[in-house]
Amino acid sequence: MMKHSLTALLVVSLISCSSSDGLTPFPDTFEWGTGTSAWQIEGGNTTSDWTQWEDLCVLDKLDGVRSAGETIADCHKNDDGPDAWNLYGDDFAMANGMGHTAVRLGIEWAKIEPTRGNFDQNAIDHYREVLQRARDEGLEPMVTLQHFTLPTWVHDVLEPEQSLRGWPGAPGSAIGEAAIIDAFELYAQKVAEELGDLVDIWVTINEPMSTLFGAYVAAMFPPGENLKLEKTVHATYNVAYAHAKAYRAIHAADQTDASGNGEVATVSIAKHWRAFTPDYPDKPGAVESAVRFDHLFNRILVNAITRGEIDLNVDQDVEDEGEGTRDELKNTLDWMGVNFYGRFMVSDSIVHMCDSSPCNEGDGLMVPLFVQENTDPERKYNDLLWELYPEGFIDVLTDAWSYGLPIRITENGLADEQDLLRPSFMVSHIEELQKAFNQGMDIRGYYHWSLIDNLEWAEGYTPRFGMVHIDYDSPERTRTPRESAQAYSDIIEAGGVSDEIVTSWGRLY
Ligand code: BGC
């Protein structure tokens with residue numbers, strides 16, 4: 001008897017400390033969706049900087065080790081992917097059947113405007129059909145205008161001087177003066193005019209900091225430059241100008257409330273928001289490095305397009321030469337798009353960096369140089385060895401919420417071919433999101449990355465981010481939902497994470 005009641009007590013206390021009870025579910029208007037991007041799933045992209053990056057790839061692996069010339073792992077190409085250009089209808093029907101209510105998808109600038117000023121009506125008509133189909137399947141579309149790729153006339157990797165030179169602009173140009181800014185505004189205006197009657201939720205630019213770090217710091221994205229931090233910061237502010245102009249153009253052109261919910265157009269960016277943890281929490285240098293990295297990666301762009309702040313030397317004030325606030329950038333976010341994947345560990349590593357040498361005193365930036373993945377064997381990792389860190393989600397959300405704008409989770413997911421961790425990953429992250437919602441944060445939607453397996457940029461097709469498996473060997477590109485697709489449907493049906501969901505699908509930790 002004694003043993004029995006002790007066991008009961010233990011069970012009760014275990015349940016209560018891990019219970020989701022008391023968390024209010026998300027409302028019926030909550031957007032439950034997935035995210036995708038054009039280059040990663042469509043195929044037929046022949047006119048962008050990423051196509052050039054594909055063509056530059058040299059495959060000369062030694063003992064299976066990726067070679068320096070392998071711009072994309074195994075030299076995979078966008079044409080060999082899931083063929084969503086043709087199969088989008090099947091994907092939307094599948095998402096509908098799984099209970100999704102929204103979908104984030106990309107529009108490819110390089111297809112819509114393959115050469116400067118010449119818009120391809122066939123491509124625009126195609127996207128009309130895509131968007132109409134999404135609506136027919138009961139999915140509220142969120143449209144991303146630019147997701148990593150740029151048309152070659154904007155950014156030519158082989159002959160840069162023949163192009164607008166991408167986000168940094170022409171050498172010597174001041175911030176806000178790169179030619180890409182007006183070009184992007186025009187493209188945004190055109191898309192909003194043509195498709196605004198079908199779209200209310202807009203993302204101008206996906207993960208600008210990832211694009212710029214990949215391109216100019218980590219040499220992983222075209223044009224493959226290394227440690228050009230001044231260029232990266234300069235380009236960040238060009239992104240801010242491009243976004244702000246596109247923001248106004250979309251609001252001017254899109255006057256139709258496509259979904260009939262009273263909101264005509266609502267515009268944001270999808271910001272990769274990362275947690276930065278000092279590798280030694282007692283080491284002041286590591287703490288300071290983490291704060292600086294957070295400022296550089298998470299905040300400078302957001303500060304520019306909310307408060308108009310320009311912090312050229314990234315020292316967390318706007319008092320230095322050429323700095324200050326710019327009215328034309330202010331208040332150009334209607335909501336905050338948060339892409340959350342996890343964290344980096346930051347070492348005590350603040351150094352003086354200049355893009356060109358010699359690096360004279362007063363020039364350049366003081367920035368932390370070493371960030372890396374956690375390697376703690378107690379933690380869980382995805383197939384790319386990225387740490388899974390749901391505990392950090394609430395901190396990131398708190399930071400994002402400090403700007404006072406409604407939040408949408410525009411991406412959150414993992415590479416998990418065997419689908420061993422995806423169900424519990426969803427449970428743990430959505431539970432944290434629900435806690436944030438219960439604390440009073442205005443959270444409008446969750447878009448899991450991703451619906452289907454896709455081309456993971458420089459990592460090729462090997463990492464599997466989909467809740468639906470793609471058989472790349474079958475001519476039909478057969479789609480097979482993984483178990484996690486069911487987990488997501490269950491969560492959607494419950495309006496979030498309940499005790500039953502935790503019992504069925506578990507938590508990550
Ligand atoms: C990007 C996606 C990418 C995902 C997983 C995000 O950085 O927006 O395109 O596939 O993360 O790496």
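Contact is taken to mean heavy atoms within 4.5 Å. The model is predicted, so local features need pLDDT of at least 70, side-chain atom pairs count only at pLDDT 80 or more, and totals for chains, interfaces and linings use all residues. Residues are numbered from 1 along each chain as its sequence is written, and side-chain values use heavy atoms, with hydrogens and water left out.

Helices (H or I, at least four residues) and strands (E, at least two) are DSSP runs, numbered from the N terminus. Trp 109 lies in helix H5, residues 109-112. Trp 109 counts as buried, at 1% relative accessibility. Buried here means under 20% relative accessible area, exposed means over 50%, and partly exposed lies in between (1.4 Å probe, protein chains only). With neighbours within four places in sequence left aside, Trp 109 is in contact with Pro 114, Leu 145, Gln 146, Leu 150, Pro 151, Trp 153, Val 154, Ile 180, Ala 183, Phe 184 and Tyr 187.

Two open sheets are described next. Strands are said to pair if DSSP finds at least two bridges between them. Eight strands form an open sheet with parallel pairing. Their order is E1-E15-E14-E9-E5-E4-E3-E2. E1 and strand E2 (102-106) stand at the edges with a single partner strand each, so one side of each has no neighbour in the sheet. From one strand to the next, the twist averages 25°.

Strand E1 spans residues 31-34, and both of its faces are covered. Glu 31 and Gly 33 lie on one side, Trp 32 and Thr 34 on the other, and all are buried. In a regular strand the side chains alternate between the two faces of the sheet. E1 runs parallel to strand E15 (residues 443-448), and four bridges join the two. Glu 31 stands opposite Gly 445 in E15. Strands E4 (residues 201-206) and E5 (residues 266-272) also pair in the parallel sense, over four bridges. Thr 266 in E5 is the bridge partner of Ile 201.

Helix H7 lies across strand E3 (140-146) and E4. H7 runs at about 155° to E3. Axes are lines fitted to C-alpha atoms, for helices over the stretch in contact, and angles run from 0 to 180 degrees between N-to-C directions.

Four bridges join E6 (residues 275-278) to strand E10 (residues 343-346), and the two run parallel. Ala 275 stands opposite Arg 343 in E10. Both faces of E6 are covered. Ala 275 and Thr 277 on one side, and Phe 276 and Pro 278 on the other, are all buried.

Two packed helices are described by the angle between their axes and the distance between the axes. Helices H6 (residues 121-136) and H7 (residues 179-195) pack at about 50°, with axes 10 Å apart. That makes H6 oblique to H7. Angles under 35 degrees count as roughly parallel, over 145 as roughly antiparallel, 65 to 115 as roughly perpendicular and the rest as oblique. The H6 and H7 crossing is right-handed. A crossing is right-handed if the near helix is turned clockwise from the far one by less than a right angle, and left-handed if anticlockwise. H6 contributes Gln 121, Ile 124, Tyr 127, Arg 128 and Leu 131 to the contact, and H7 contributes Lys 190, Glu 194 and Leu 195.

The axes of helices H8 (residues 208-216) and H9 (residues 229-253) come within 10 Å and cross at roughly 150°. H8 and H9 are therefore roughly antiparallel to each other. Their crossing is right-handed. Pro 208, Met 209, Leu 212, Phe 213 and Tyr 216 in H8 meet Leu 229, Lys 231, Thr 232, Ala 235, Thr 236 and Val 239 in H9.

His 243 is also found in H9. His 243 is buried, with a relative accessible area of 1%. Beyond its neighbours within four places in sequence, His 243 is in contact with residues including Thr 204, Ile 205, Val 267, Ser 268 and Ile 269.
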